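Please keep the sequence and the model in view while reading.

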Amino acid sequence: SQVQPQPLLQLKHELADRIEKDQPARTRREYVNWLSRADISVTTAAQENFGYAVIEAMAAGAVPLLPRRLSYPEIVPKALHEDLLYDTDRDLSDRLSAWLRQPAQVEALRVRAMRAARRHDWSLRVAALDRWIEQTVGTVRRRRKD
């Protein structure tokens with residue numbers, strides 16, 4: 001079991017009737033189904049390597065609220081840092097409370113978050129990776145000729 005900050009535990013208690021899911025899904029299909037129904041995705045992660053789950057949530061339309069640490073500032077474009085990244089537990093609590101009172105703000109951020117997630121889409125990344133490999137192989141071949 002992961003340690004959760006007190007403000008998150010308090011929000012879970014206070015908003016229990018509005019939270020539909022806050023436990024891991026049992027299957028990939030269930031996971032994708034829950035993501036597609038989410039409005040907001042909150043993480044308090046203390047360890048994160050790549051942020052895949054955040055990118056998946058963003059692509060599915062869930063607006064992320066993320067700590068300003070780990071891989072998150074790299075995942076989120078700088079133009080969205082002030083909207084999606086928080087610095088303290090209090091900031092997390094205040095921001096989430098504001099979003100829940102102002103769903104139009106979440107809706108406005110949804111489109112921007114989904115657009116930001118597209119840059120990580122494999123169909124785009126694979127083309128960039130292919131170009132990099134071709135350039136690298138070309139450089140190696142040129143060096144061997146020299």
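## A residue of helix H2

Glu30 has its place in helix H2; helices (H or I, at least four residues) and strands (E, at least two) are DSSP runs, numbered from the N terminus. With a relative accessible area of 14%, Glu30 is buried, where buried means under 20% relative accessible area, exposed over 50%, and partly exposed in between (1.4 Å probe, protein chains only). Neighbours within four places in sequence left aside, Glu30 is in contact with Lys21 and Ala25, contact meaning heavy atoms within 4.5 Å.

## Basis of the description

The structure is a predicted model, in which local features need pLDDT of at least 70 and side-chain atom pairs count only at pLDDT 80 or more, while totals for chains, interfaces and linings use all residues. Residues are numbered from 1 along each chain as its sequence is written, and side-chain values use heavy atoms, with hydrogens and water left out.

## The sheet

An open sheet is formed by 3 strands in the order S1-S2-S3, with parallel pairing; two strands pair if DSSP finds at least two bridges between them. S1 and S3 stand at the edges with a single partner strand each, so one side of each has no neighbour in the sheet. Strands of a sheet pair through backbone hydrogen bonds, either parallel or antiparallel.

Strand S1 (residues 40-42) pairs with S2 in the parallel sense over 3 bridges, and Ile40 stands opposite Val63 in S2. From S1 the chain crosses through helix H3 (residues 52-60) to S2 in a right-handed β-α-β crossover. Right-handed here means that, with the strands pointing away from the viewer, the path from the first strand over the helix to the second runs clockwise. S2 is also joined by 2 bridges to strand S3 (residues 85-86), and these two strands run parallel. The bridge partner of Leu66 in S3 is Leu85, and that of Pro67 is Tyr86.

## The enclosed strand S2

Why is strand S2 described as largely enclosed by the rest of the structure? Because 5 of the 5 residues of S2 (residues 63-67) are buried. In a regular strand the side chains alternate between the two faces of the sheet.

## Helix packing around H3

Two packed helices are described by the angle between their axes and the distance between the axes. The axes of helix H2 (residues 28-37) and H3 come within 8 Å and cross at roughly 55°; axes are lines fitted to C-alpha atoms, for helices over the stretch in contact, and angles run from 0 to 180 degrees between N-to-C directions. H2 is therefore oblique to H3: angles under 35 degrees count as roughly parallel, over 145 as roughly antiparallel, 65 to 115 as roughly perpendicular and the rest as oblique. H2 passes H3 in a right-handed crossing. Arg28, Tyr31, Leu35 and Ser36 of H2 make the contact with Ala53, Glu56, Ala57 and Ala60 of H3. A crossing is left-handed if the near helix is turned anticlockwise from the far one by less than a right angle, and right-handed if clockwise.

H3 also packs with helix H7 (residues 103-118), at an angle of about 125° and with the axes 7 Å apart. H3 and H7 are therefore oblique to each other, and H3 passes H7 in a left-handed crossing. This contact involves Ile55, Met58 and Ala59 of H3 and Ala113, Met114, Ala116 and Ala117 of H7.

## Residues around the sheet

Leu92 belongs to helix H6 (residues 89-101) and counts as buried at 0% relative accessibility. Apart from its neighbours within four places in sequence, Leu92 is in contact with Val42, Thr44, Leu65 and Tyr86.

Thr43 lies in the loop between S1 and H3; at 16% relative accessibility, Thr43 counts as buried. Not counting residues up to four places away in sequence, Thr43 touches Leu65, Leu66, Pro67, Tyr72 and Tyr86. Leu70 is found in the loop between S2 and helix H4 (72-75) and counts as partly exposed at 33% relative accessibility. Although Leu70 is not a glycine, it has a positive phi of about 60°.
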